[in-house]
Amino acid sequence: MTVPAPDPREVREASLDELSRLGLPLPPQQFPLVWEPGDKIELRPTAEIEARIAVLHLILARCFGMPPQAAMSWLLGSHLMEMVTPPEWQFVIGGKGDHRSFVLHHDALFALAWVLGLSKQLDPTLAVDERLVERLPHIAEGETFPRWRSRILTAPQHPADAAALLDLHYCLDWAYLETERVGRSLPGLVDANAIGQRRWALEWAVILRGPYHDEPPGWEEVDLST
């Protein structure tokens with residue numbers, strides 16, 4: 001469902017109000033908007049987001065001791081091989097790559113679960129909901145991706161709500177990094193790494209359409225540099 005994007009300035013004002021409420025520094029006045037007036041927004045297809053959740057969950061299982069052969073077998077049985085990125089594949093089959101960076105994907109998965117309505121909140125002051133694991137594929141028990149999809153009941157967010165949360169996390173990403181840089185206390189239980197992961201997921205899940213937007217990026221192509 002493609003819909004008109006909300007007024008970016010009104011959304012930004014709400015994001016800055018939330019930063020102020022949390023006692024965080026505000027980005028500079030020239031801080032870019034995420035989209036422009038007249039742009040359109042949509043979410044990636046639900047099946048694509050579900051597949052990304054399943055792959056990230058498998059990667060996390062691999063981080064915490066799942067043998068490579070078992071991980072490969074699960075991907076084959078779930079028909080998800082084509083959804084695994086090259087860096088993820090190298091990690092699955094040989095443990096190559098930054099183990100810590102893959103563990104951090106826990107928060108990206110949390111944000112994607114919120115996009116599909118599998119988690120009720122994405123509060124920047126709260127850690128990942130421990131109950132979320134029950135709504136994810138039971139990989140250790142052999143639940144495949146198709147069986148998981150038949151078990152869960154997704155209720156995707158409205159694109160405008162997801163876009164507003166993307167704008168908030170764009171601002172939060174800057175504010176958390178700045179807060180950590182100057183040595184101040186953060187307002188909750190998560191750090192800048194977690195906020196960055198949540199922003200990564202939202203940047204990928206929310207598709208922006210307009211004259212200044214490129215085609216939607218792949219998972220590894222999401223740009224968090226600005």
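Ser78 is buried in this predicted model, since its relative accessible area is 2%, and the residue belongs to helix H3, which covers residues 68–78.

**Around Ser78**
- Leaving aside residues up to four places away in sequence, Ser78 touches Thr144, Phe145 and Pro146.

**Aromatic rings**
- The structure holds six aromatic pairs, and one of them is stacked: the rings of Trp200 and Trp219 have centres 5.1 Å apart and planes at 20 degrees, which is under the 30 degrees that stacking requires.
- This pair links distant parts of the chain, with Trp200 in helix H8 (residues 192–205) and Trp219 in the segment after strand E3 (206–209), the two residues being 19 residues apart.
- Both partners are buried, as Trp200 has a relative accessible area of 15% and Trp219 has a relative accessibility of 4%.
- Elsewhere, Phe31, Tyr170 and Trp174 are joined into a cluster by ring pairs.
- A ring also faces a charge in the case of Phe91, where the charged end of Arg62 sits over the ring, 5.8 Å from its centre.

**Helix H7**
- Helix H7 runs over residues 159–181 and so contains 23 residues, and the distance from its first C-alpha to its last is 33 Å, close to the 33 Å expected at 1.5 Å a residue.
- After H7 comes Gly183, a residue whose phi is positive, near 80 degrees.
- In an α-helix there are 3.6 residues a turn, so residues three or four places apart point the same way.

**The sheet**
- Three strands form an open sheet in the order E1-E2-E3, and their pairing is antiparallel.
- Strand E1 (3–4) and strand E3 are the edge strands, each of them pairing on one side only.
- Between E1 and strand E2 (residues 40–43) the antiparallel pairing extends over two bridges, and Val3 has Ile41 in E2 as its bridge partner.

Key: Residues numbered from 1 in each chain as written. Predicted model: local features only at pLDDT ≥ 70, side-chain atom pairs only at ≥ 80, totals over all residues. Heavy atoms only, no water. Helix = DSSP H or I, 4+ residues; strand = E, 2+ residues; numbered from the N terminus. Phe/Tyr/Trp six-rings, centres within 6.5 Å; stacked < 30°, edge-to-face > 60°. Buried < 20%, exposed > 50% of the residue type's maximum accessible area, 1.4 Å probe, protein only. Lys NZ or Arg CZ within 6 Å of the ring centre and 35° of its normal. Contact = heavy atoms within 4.5 Å. Pairing = 2+ DSSP bridges.
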